[in-house]
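Please consult the sequence and the structure below while reading.

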Amino acid sequence: MNQGGSHVCGPSPQGGTLFASNVTFAYGSGPAVVKNVSLMVPEGAAIGIVGESGSGKTTLASLLVGLLTPTTGNVAVGGQPWSKVGRGSPLRRAVQMVFQNPYAALNPHLSALRTVAEVYQCCGGFTKTEASERAQALLERVGISDQTQGKRPSGLSGGQCQRVGIARALAAGPAVIVADEPTSALDVSVQAQILNLLSDLRQEQGVGLVLVSHDLNVVSYLTERAIVMERGEVVEEGATTELLQKPTHPYTQRLIASIL
């Protein structure tokens with residue numbers, strides 16, 4: 001554990017794709033919900049953020065992708081703070097998010113094919129035909145068949161919507177995907193399919209992963225390192241396997257005991 005309340009997950013920041021440094025965040029004048037957290041995601045790494053509801057992990061995820069601005073501290077992508085990354089910058093595409101609610105995350109008026117094709121057009125500069133061809137191939141890769149690609153979210157299952165969300169994130173060509181509880185809203189029978197898909201895509205494309213979850217089994221399956229958050233603070237961190245097998249903080253011990 002680092003001294004001074006600063007926690008770094010992984011090696012030194014040099015070369016890191018995504019780096020949060022001493023980040024604190026509060027909503028308005030309320031108390032801080034993320035407190036002095038540092039986190040580095042090296043290229044291709046898989047990092048878990050673990051904690052119960054209210055631990056600050058989802059807020060931290062929103063800070064990592066630039067949806068929220070830190071009250072103090074800094075989040076940088078490719079060495080540039082989010083505050084200095086313009087809308088047209090390629091760095092804006094470098095970190096993509098897969099949301100917890102697969103239905104709410106998609107435009108209800110767009111088919112699965114158009115949802116992904118628009119990303120290719122916007123981010124890759126492809127023609128409409130080229131974007132559709134690429135979107136079709138990517139959707140097939142994530143398990144959305146030709147017959148399903150023309151459907152809107154209302155005509156898709158939760159698992160299918162989450163696959164579309166993953167495809168949409170990948171279409172931007174990210175270096176890191178931040179997945180916020182990507183299986184918690186899905187049926188148990190579908191959860192394993194989505195986890196296996198994320199694992200396979202990581203290995204195929206070398207994309208880094210930040211996995212936010214209260215489910216230690218999921219974190220154990222997909223990540224190499226993890227941080228444990230309680231009330232906005234990092235209370236423990238380390239290699240995922242070692243952290244789960246030999247937890248030192250009472251909070252981590254309680255989390256593990258709750259699933260035994």
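In which helix is the place of Leu-139? In this predicted model, Leu-139 belongs to helix α3, which covers residues 128-141. Its relative accessibility is 0%, and because buried means under 20%, Leu-139 counts as buried.

Setting aside neighbours within four places in sequence, Leu-139 is in contact with Ala-112, Leu-113, Val-116, Ile-144, Gln-149, Val-164 and Ala-167. By contrast, 26 Å separates the C-alpha atom of Leu-139 from that of Leu-64, a residue 75 positions away along the chain.

## The largest pocket

The largest pocket holds about 700 Å³ of space. Its lining comprises 23 residues, and Arg-92, Arg-93, Val-95, Gln-96 and Cys-123 lie nearest the centre. By residue class, the lining consists of eleven nonpolar, seven polar and five charged residues.

At least two lining residues come from each of β6 (95-98), α2 (112-124) and α4 (158-171). The greatest contribution is that of α2, with five residues.

## Aromatic pairs

Two aromatic pairs are found in the whole structure. Phe-25 and Tyr-27 form an edge-to-face pair, because their ring planes stand at 90°, with the centres 4.7 Å apart. Phe-25 is buried at a relative accessible area of 7%, whereas Tyr-27 is partly exposed at 47%.

Tyr-120 and Phe-126 also make an edge-to-face pair, with 6.0 Å from centre to centre and 80° between the planes. Tyr-120 is buried, having a relative accessible area of 12%, while Phe-126 is partly exposed at 25%.

Note on methods
Residues numbered from 1 in each chain as written. Predicted model: local features only at pLDDT ≥ 70, side-chain atom pairs only at ≥ 80, totals over all residues. Heavy atoms only, no water. Helix = DSSP H or I, 4+ residues; strand = E, 2+ residues; numbered from the N terminus. Buried < 20%, exposed > 50% of the residue type's maximum accessible area, 1.4 Å probe, protein only. Contact = heavy atoms within 4.5 Å. 1 Å grid on protein atoms, 1.4 Å probe; cavity = no way out; pocket = protein on both sides within 12 Å on 5 of 7 lines; lining within 4 Å. Points joined across faces, edges and corners; volume = space filled by probe spheres on them. Nonpolar A, V, L, I, M, F, W, Y, C, P; charged D, E, K, R; others polar. Phe/Tyr/Trp six-rings, centres within 6.5 Å; stacked < 30°, edge-to-face > 60°.
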